Amino acid sequence: TAPAALRAAVSYATGHDVLVVASTDPPGMTSSGAPSYPAALPGVLAVASIQSDGSPASSGQSSTAAPALAAPGAGLVSIAPRGNGNVVASGSGVAVAFVAGAATLVRDYRPSLKAAEVAHRLEATADHPTGRLPDPALGYGMVDPVAAVTTALPEESGESTPKPQNRPVEVVLPTPENRRPTHLALITSAAVTGCAALGGLLTATIRRGRRRGWRPATPDET
């Protein structure tokens with residue numbers, strides 16, 4: 001059971017429209033299957049830390065708090081707080097910082113959203129894993145700050161998200177036009193015209209042949 005003071009603090013924060021983000025595998029966890037607080041409390045956005053290959057970054061101890069999101073939590077290179085050079089950081093707190101930072105960006109870009117709506121936006125725009133959601137180890141997937149800020153969700157504009165259709169789309173093609181009568185008419189007309197022209201040519205030839213008595217034409221007669 002979570003301490004009463006912790007419950008009261010989370011209840012006070014969520015009651016004042018604050019999005020509480022917590023790790024499902026905080027440091028100091030000694031037994032697997034134990035509740036992780038405050039991640040297991042209602043209204044808290046639970047985060048699982050993962051490695052670069054997508055596997056859990058925890059040391060083998062897992063809690064009963066189901067993660068809503070996943071974020072990088074191992075082997076992250078960053079700028080050193082003092083001096084020159086970089087540092088490598090690991091831990092569940094790094095993953096929580098990723099999600100908390102994304103939530104801050106969303107609230108700054110979309111100040112009208114409530115805490116629950118920000119959490120929903122982070123979950124809806126995450127890089128979803130394959131299979132049924134939420135995934136037991138990754139929740140709704142890897143947090144995506146850019147998508148969380150820029151994506152236009154249908155439910156926020158009053159539209160309903162269409163359900164995918166698993167049936168094939170029937171494509172109806174138009175009935176081909178029967179052009180055979182037209183083609184036959186054109187062919188017949190061309191044949192009649194050709195025959196008429198040929199008949200006229202033969203008639204003229206026969207008449208000229210009769211006038212000459214069917215003898216070859218001389219140069220003066222051509």
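Read along the sequence, the chain follows the pattern α-β-β-β-β-β-α-α-α-α, which comes to five helices and five strands. Helices (H or I, at least four residues) and strands (E, at least two) are DSSP runs, numbered from the N terminus. This is a predicted model, in which local features need pLDDT of at least 70 and side-chain atom pairs count only at pLDDT 80 or more, while totals for chains, interfaces and linings use all residues. Residues are numbered from 1 along each chain as its sequence is written, and side-chain values use heavy atoms, with hydrogens and water left out.

**Confidence**
- The chain averages a pLDDT (the predictor's confidence in each residue, from 0 to 100) of 78, and 64% of the residues score at least 70.
- Helix α3 has the highest confidence, at a mean of 95, and helix α5 (residues 180-211) the lowest, at 65.
- Over residues 161-171 pLDDT stays under 50, and the model has two contacts (heavy atoms within 4.5 Å) beyond four places in sequence for them.
- Where pLDDT is low, the predicted coordinates should not be read in detail.

**The three-stranded sheet**
- Three strands form an open sheet in the order β1-β2-β3, with parallel pairing; two strands pair if DSSP finds at least two bridges between them.
- At the edges are β1 (20-23) and β3 (69-72), each pairing on one side only.
- From one strand to the next, the twist averages 40 degrees.
- Strand β2 (residues 44-50) runs parallel to β3 and is joined to β3 by four bridges.
- Valine 47 has leucine 69 in β3 as its bridge partner.

**The hairpin**
- Strands β4 (residues 76-79) and β5 (residues 86-89) pair in the antiparallel sense over four bridges.
- Opposite leucine 76 stands alanine 89 in β5.
- Six residues lie between the strands of this hairpin, where glycine 83 takes a positive phi near 75 degrees.

**Helices α2 and α3**
- Helix α2 (residues 92-109) packs with helix α3 (residues 115-124) at an angle of about 115 degrees, their axes 10 Å apart. Axes are lines fitted to C-alpha atoms, for helices over the stretch in contact, and angles run from 0 to 180 degrees between N-to-C directions.
- On the α2 side, Val99, Ala102, Ala103, Val106 and Arg107 meet Ala115, Val118, Arg121 and Leu122 in α3.

**The chain overall**
- Of the 222 residues, 26% count as buried, that is, under 20% relative accessible area with a 1.4 Å probe, protein chains only.
- Among contacts with a separation of 6 or more, 56% come from residues 24 or more positions apart.

Technical notes
Buried < 20%, exposed > 50% of the residue type's maximum accessible area, 1.4 Å probe, protein only.
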